[in-house]
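Work through these exercises with the model open. Each task is followed by a solution in steps.

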Amino acid sequence: MAKIRSGVHHLLRRDASHLEAYPAPQPLEDFARSVGVAPGDVVKLDQNENPYGCSPRVREALKVYEWFHVYPDPLHRELVARLGAYVDVPPSQIIVGNGSDELIELILHLFVEPGDRVLSAGPTFGYYTTAAQAVGADYRLIPRGPRFEVDEPALIQAIDGRTKVVFLASPNNPTGNATPQETIERLLGLDVLVVVDEAYFEFSGQSAVGFARDGAENLIVLRTFSKWAGLAGLRLGYGIFPASLVPVALSLKPPYSVGQAAEVAGLASLDDLPYLQANVKLILAERERLRDGLAATGFLTPHPSDANFILCDVVGRSAGEVQAALAKSAILVRRYDSPRLENSLRISVGRPEHTDRLLAALRDLT
Ligand code: PMP
C-alpha cells in the first residue's frame, strides 16, 4: 500500500485550528505526587465535586451487578422512570446523557447549523464555548451585571433572526448565583430555545422545571448526578425536554453513550435520597462557615452563592500566587483568567476538616 506522507491535516475542517479544548486539570494522583502527599491527603476544592463521595449503596450495587457484559438499554427505561418520579415530570420528557456535557452537545447538534447564534451570560461554564465552537455556532457571551446577574435587556437585544439557543446556568458556574425565575419566564416568551442548566439544583432548590410542567415548549432543563450525588467520575446527567423533541433528540444521540455502570449507580443513588440529601445539608452549612472564614482573611471577598462553591475576588495580591501557595499545602482551588475574573478564585465547599486546612493555609499567607 502506498504510504501517504502528507498526513491528513489538510482534510481537517477549516476551523479546526480555532477550536478551544476544554482545560484538562492535572490528575489527582499526579498532583499528589508532585507535592509529596497521598491522594487522600489532597484537599480538592477545584472542581465542585462532592466531598462526601457517592452513596455507599452505589458501591454495593456495582459490586453485585452481574450484567456488565450486556449492552445497556439505549432508552434507559428504568432510570428514566425513576427520574420522572424524582423530578415529577412524565418519563417521556427525560433523556439521560454521559454527564450533562453530552446533553449540551446533543442540544447544539439538534438546533445549530454553522453561523447560527448561541447566547449565554458570562462569565459562565466554559464547556458551552467548546461545544458551541464544535458546531460552528456564532457563540456570544453577554456580560453579566455588577452582581453577576443576567443582563436581561442586553441578552434580549442580542437575540437576532439566527439565534437558536440561550444557555443559562442556574446557579451559575463560577459565579454561584441562581437566575430569577422571572428572567427565565420572560426569555421563554421569546422565539428561542432556553436551556436552564441546573447542575447545582440540589444546593439551590430553585428550578425552572415548573415551566416544563406548565407545558413550556421551548425549555430544556439540564441536571447531573456529578455534584449532589457524588458521581462525577461515573458520568451521568439528564435533561427534561419537551416530550415532542425527545424522539428527534434520540435520533442524534449515540445509543450507548451512558454506560451500565452509570445507570446502576444512578438507580442506587435514587434509592438513597435521605443519605445524599443529608450530605447536601452538611455542604450548605459548611458553605456558610467557609464564607465567613474566607472573608476574615482580609484579602478574599466572597460572592454570595446558591451552589456548592464560592467565587472570591482576591484583593491586594495575585490570585495566581494564592493558588500556588495553597497548592504547596496540597490544596487545590480553581483560578480564572477570563474577563471579570482576572483575579478570582473559585473554591468548592469541602468537609469541615478541608475548610480548617484551607483557612489555616490562608492564615499563613497573611
Ligand atoms: N453545567 C455546569 C454549570 C457545570 O458546572 C458542570 C460541571 N462543572 C456541568 C454542566 C457538567 O456536568 P457533568 O459532570 O454532568 O457533565
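This is a predicted model: local features need pLDDT of at least 70, side-chain atom pairs count only at pLDDT 80 or more; totals for chains, interfaces and linings use all residues.

**Exercise 1. What is the strand order of the open sheet of 7 strands, and which strands are at its edges?**

Step 1. The order is 2-8-7-6-5-3-4, with mixed pairing. Two strands pair if DSSP finds at least two bridges between them.
Step 2. Strand 2 (94-97) and strand 4 (138-143) are the edge strands, and each pairs on one side only.
Step 3. Neighbouring strands here are turned by 20° against each other on average, direction ignored.
Step 4. Look at one pair. Strand 2 and strand 8 (residues 237-240) are antiparallel, over 4 bridges. Ile 95 stands opposite Gly 239 in strand 8.
Step 5. Helix 3 (residues 77-87) lies across strand 2, strand 7 (219-224) and strand 8, at about 115° to strand 2. Helix 5 packs on the sheet too, touching strand 3 (117-122), strand 4, strand 5 (163-169) and strand 6 (193-197). Contact means heavy atoms within 4.5 Å.
Step 6. The direction of helix 5 makes about 155° with that of strand 4. Axes are lines fitted to C-alpha atoms, for helices over the stretch in contact, and angles run from 0 to 180 degrees between N-to-C directions.

**Exercise 2. Describe how helix 4 meets helix 5.**

Step 1. Two packed helices are described by the angle between their axes and the distance between the axes.
Step 2. The axes of helix 4 (residues 99-111) and helix 5 (residues 127-134) come within 9 Å and cross at roughly 35°.
Step 3. Name the residues. Helix 4 contributes Asp 101, Ile 104, Glu 105 and Leu 108. Helix 5 contributes Tyr 127, Tyr 128, Ala 131 and Ala 132.

**Exercise 3. Which strands of the open sheet of 5 strands have a single partner strand?**

Step 1. Write the order: 1-11-12-10-9, with mixed pairing.
Step 2. Strand 1 (43-45) and strand 9 (300-302) stand at the edges with a single partner strand each, so one side of each has no neighbour in the sheet.
Step 3. The twist averages 35° from one strand to the next.
Step 4. Strand 10 (residues 309-314) and strand 12 (residues 344-348) pair in the antiparallel sense over 5 bridges. There, Cys 312 is opposite Leu 345 in strand 12.

**Exercise 4. How many residues surround the ligand, and which are the closest?**

Step 1. The count is 13 residues, each with a heavy atom within 4 Å of the ligand.
Step 2. The closest are Ser 100, Asp 197, Thr 224, Ser 226 and Arg 235.
Step 3. A polar side-chain atom of Thr 224 lies 2.5 Å from a ligand oxygen atom. For Ser 226, a side-chain N or O atom is 2.6 Å from an oxygen atom of the ligand.

Methods
Residues are numbered from 1 along each chain as its sequence is written. Side-chain values use heavy atoms; hydrogens and water are left out. Helices (H or I, at least four residues) and strands (E, at least two) are DSSP runs, numbered from the N terminus. A polar contact is a pair of N or O atoms within 3.5 Å; within protein, one must be able to donate a hydrogen and the other to accept it, and residues adjacent in sequence count only if both atoms are side-chain atoms.
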